[in-house]
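Dear colleague,

Please find below the structure that I am handing over to you, followed by an account of what was found in it. I would be grateful if you would read the two side by side.

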Amino acid sequence: MKFLSFLSYRKFLFSFFVAIFPISLTLFSSDLDKVAIKNDFYLQYNDITGPGKKNSSLVDGLRYFNIFNYYKKGKLKKYKYIINLGLKATDNRKKDPKDISITNMQITLKNKINTFRVGDVFESFSQYSLNTALKGVSYRYLSKDITNQLQIVYGIAYPRWDSFWDNKTKAIKRSVYGTRYRRKILDGKMDIGVSFVYSNDKDRIFGGVPLYNNHLYTMDINYIPIPDLDIYSEFSHSNNTKNTSDTTANENFSGNAFKIRAIGNKNPSRVLVEYERVSPYYITLTGSATPDREKFKTSWRYKATKKIVTHIGFLWYRNDLDGQLIDRKDVYRPSIGITYKKAFGRRHNTIDLTYKLDITDTTNNITNHIIDFSMSDRFAKIYNTTNISYYSYKTDGNIQDSHEFRINTQFNGKIRKKDYIFKPSLYIGSRSNKDELKSSLDKYYEASIGLGVDVMKYRLSGKLKIGENKSDRDLSDDSKKVFLNLNIYYRPKIFFSFKRVMIYARAFYNDFTYTTNTKNFRERGTILGVRIRF
Amino acid sequence: MKNRFKILLFPLLLFLVFTNANAKWWIFGHNESSVNINYLYINSLSFDSTKKEIVFSKDSLDNGYLHIRGKANAGNSNIARVLITLDGKKTWKKAKLTRDGAFDFSFEPKIDKKYNIYIQIIDTTGKTNDLEDTHKIITIINKNYKEIVRNTLDHLKTSYSNEDLSGFMRYVSEDFTGDDTTLELALRKDFNVFDNIQIDFTINSIAYQGGKYLVSISFNRTLESSKDGKVYSDKGITEFSFIDGKYGAMLYSMKNPLIFGLSDAQEVADGSVVSVSNEKLITVNNSGDISEKSIADIINNTTNSGDDNIESGSFTLSYDDLPSGGNQHKGFIFDSGTIVDISNFDMGTSDIFLEGNVFWPDSGAQIQDLGVDGSGNVNFSHMSVPTTGYDTQPVAATNNDDHVYAVKLPNNTYAIVKNISSTTTTDTSGGLHTSVTCDYKYRSDGGLDF
């Protein structure tokens, strides 16, 4: 009753409406076999106590959460159409700033050659030019022999639909116009794409965040000159106008980005070689590139025998391409590793050993060493994975000098007894961190046990996990967390006309204690939900 | 430089060692068969750009069908037949073939069934292609793209919270735009810095097309510093993109604010989400120190020098002759980003302050006017400050728009200040009133590049 006393009349009505809404939709749908409706609704009650309760990531009291998805597929003359709609509702302000919001809205109309989309559109052109979703419209033409493709897109790059109309979720208004033409040549061995993307920012949200006007002219080529060798190259030029604040004059600048990557993939080897150069003044707001970078990367994976695979890698990048900086930064990351399968004559045994070196050559040089060892095996019905890692972090100028050692082992079992499947688990982990500069040693331990049970006959499954972790710190507060999680899922066989129903319940308990008692807090939570598919 | 030479020797040595093994890595294209495939697609995905195992959502099917389309050539001879097996070479089916070697094969896959696909191309002389090159294992899972993305995000969150590096990296694409090895190192540093990671998220918006996903999420998180046990909390909106791969949706790119890989945000993140929901966000600098920054500072750090120790913003300082005969000044402290009152030359409480028409360095700071932004090497967006030429004497503050000043503080840290605008008025009793608005950047680690 205490649980229900938190459920106000208004909240109950709203929750009821949210839960019943998808059912009403199916009743009015005339074409049930082409409609898919899903709804996931749950109520969560949290009780947070203790003097440090403000540090909890949860919200005290009762909250609801609902996800609704509607999908409809059909035919309209010679075109197929798909309608997608997603809605989210919650009164938990930590989960979402709005009570109700649209998560997805899209209408697609297509035949074998033409595709029109309205709503959430994601016409991906290439890495530099366009690699983001928009809320707008798009058109794609793909010739029957797939040798020619034209894409046209317009939209706003808002992270949410309600950014259009709600100040609570306002974002920079980035209008994007783009077009790309791709053609196969050389008997299909080469793909050439040319694209143009224009974006324009409006609505300054925060001072100090620049607004851009960005033109991108990009060409990308994918070439397979000989079997097993794939070469990809992309060149992009950007013309940019940057406005830092309302009172400052615009800055105009332009830059180029270039990338070439070759992948050779034929047993027993896979070799990758990649070079990239992005000038300091190249900006892409709709694609992906880090300005002021020159990068070279290579890796080689070699299957020496059926049991042994070796891999080596090397990454180098630097900044200061225009020589304007005093602290040029060069980063080198070589690595070498070996995987050995079926060691000791054991069928399920796999051993991995890797060494990585991470060097940054700059004013205060950084040298980090990383060694990883892992072994997995199966003993009867128990699977085990053990990981051991050693890290050494050193930055010149007495900025960092520390050593970290990690070890953890995990056992997972699967035991069948008549209609029951038992899944016991055990996890033990430890970490120590020695700071040479502060002469301190911090230690961390974690241990947990779990038991999962599946009862297929009753369509019931559940899992209980109990554990504790502890941090012992030389120079500050120690902390400890005791945790318990219980999850239960039940799938009724037939539930009215629903295709699938899942009822679930979760309970958890977290007890955080610190050396400073005023930071202590406890979280107790229960979740009761139902997931329905029509 | 010597260090660099040693490092470059490393892969060279490895190369020499491994070439002694029977590694025929240099034989790409030396296919003994003369039957070759020019291109090969499964729906919209190129065979060459995907891994051996691919998981498709049922949404990615074309009206329930998968299409295998390609083009083959056989040098001087013609292609006679194209056969496709879906069950690991047990049974073979014929593909539609045209005279120019283009072929097309469609089938209606069953949900959750694994298809072991090989494509055999036979020319008129009986020669065939290398079957292993066409091997793909395809599974269609009974989930729509929203469930697939949700599954990957849940997995990434759980692995990150449990500090399970290999579990996390399993869901990262090898083509991750911020470089997968860089992300892996950033995650290791995150795990070194954070304890008791708790992240909760809900999906705001989701789009899927041609094997790629773009997802916007609202998140809230609580982290404990492993160094001092201090608890940090924040919330905001961010975006991820994914591509189809072995485990469904594989992580392809992330935007600021990051929730994974914060320790190397500049390399890991691609772009930023600028929304009112992103106010104070948790960041980690190069030394592993946790702080809270605005999205503006995160963006400026990322796009300029790339150093996480830079703070930036704007300030307006005023100066007023008081009727009583005294003065009211405003000064600025770079480290905390605060404006302080300085009454009647109460110096020693700021880094710089405005007096009449000039900026005075204060508390042992020194200043120099570098000239107008855009002239010579002066570029407020991307520049280095000099180590010499500073003075304890004042510089012009009013009527000096677009001038950039360099400030050296007594702890050998530097700031740059750009004069945006100023006003000067004189009241009826002859008292002077001035006001100057500036943008600034401050580096707390003593670095010179901004």
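How many of the 15 residues of strand β13 (residues 231–245) of chain B are buried? In this predicted model, the count is 12, and the strand is thus mostly covered.

With strand β12 (residues 212–225) of chain B, β13(B) pairs in the antiparallel sense over 13 bridges. Within this pairing, B:I217 has B:T238 of β13(B) as its bridge partner. The two strands form a hairpin with five residues between them, and B:G229, in the turn, has a positive phi of about 75°. Strand β14 (residues 248–256) of chain B also runs antiparallel to β13(B), and six bridges join the two. Here B:G245 stands opposite B:G248 of β14(B). β13(B) and β14(B) likewise form a hairpin, with two residues between them.

The peptide bond that joins B:N256 and B:P257 is cis, with omega of about -5°. B:P257 is placed in the loop between β14 and α5 (265–268) of chain B.

I turn next to helix α4 (residues 180–193) of chain B. Its 14 residues should span 20 Å at 1.5 Å a residue, and this agrees with its end C-alpha atoms, which are 20 Å apart. Is the helix largely enclosed or left open by the rest of the structure? It is largely enclosed, because 12 of the 14 residues of α4(B) are buried. Among them are the charged side chains B:E184, B:R188, B:K189 and B:D190, as well as B:L183, B:L185, B:L187 and B:F191.

Chain B also meets chain A. In this interface, 96 residues of chain B are in contact with 99 residues of chain A. Which element gives the largest share of the side of chain B that touches chain A? That element is strand β11 (residues 194–209) of chain B, with 12 residues. By residue class, the side of chain B that touches chain A divides into 29 nonpolar, 45 polar and 22 charged residues.

A further part of chain B is an open sheet of five strands, in the order β2-β1-β4-β8-β7, with antiparallel pairing. At its edges stand β2 (45–46) and β7 (96–97) of chain B; each has a single partner strand, so one side of each is left without a neighbour in the sheet. Inside this order, strand β1 (residues 36–42) and strand β4 (residues 66–73) of chain B pair in the antiparallel sense over six bridges. One of the bridge pairs is B:N36 with B:N73 of β4(B).

Finally, the loop between β24 (395–396) and β25 (403–408) of chain B holds B:N399, and B:D402 lies in the loop between β24 and β25 of chain B as well. B:N399 has a positive phi, near 50°, in a residue other than glycine. B:D402 is not a glycine either, yet its phi is positive, at about 70°. B:N399 counts as partly exposed because it has 13 C-beta neighbours inside 10 Å. B:D402, with 17 C-beta neighbours inside 10 Å, therefore counts as partly exposed.

With kind regards

Key. Residues are numbered from 1 along each chain as its sequence is written. Chains are lettered from A and ligands numbered from 1 in the order in which they are written. This is a predicted model: local features need pLDDT of at least 70, side-chain atom pairs count only at pLDDT 80 or more; totals for chains, interfaces and linings use all residues. A residue is buried if 20 or more other C-beta atoms lie within 10 Å of its own, exposed if 12 or fewer, and partly exposed in between; C-beta atoms are placed from the backbone. Helices (H or I, at least four residues) and strands (E, at least two) are DSSP runs, numbered from the N terminus. Two strands pair if DSSP finds at least two bridges between them. The expected span of a helix is 1.5 Å times one less than its number of residues. Two residues are in contact if their C-beta atoms, placed from the backbone, lie within 7 Å.
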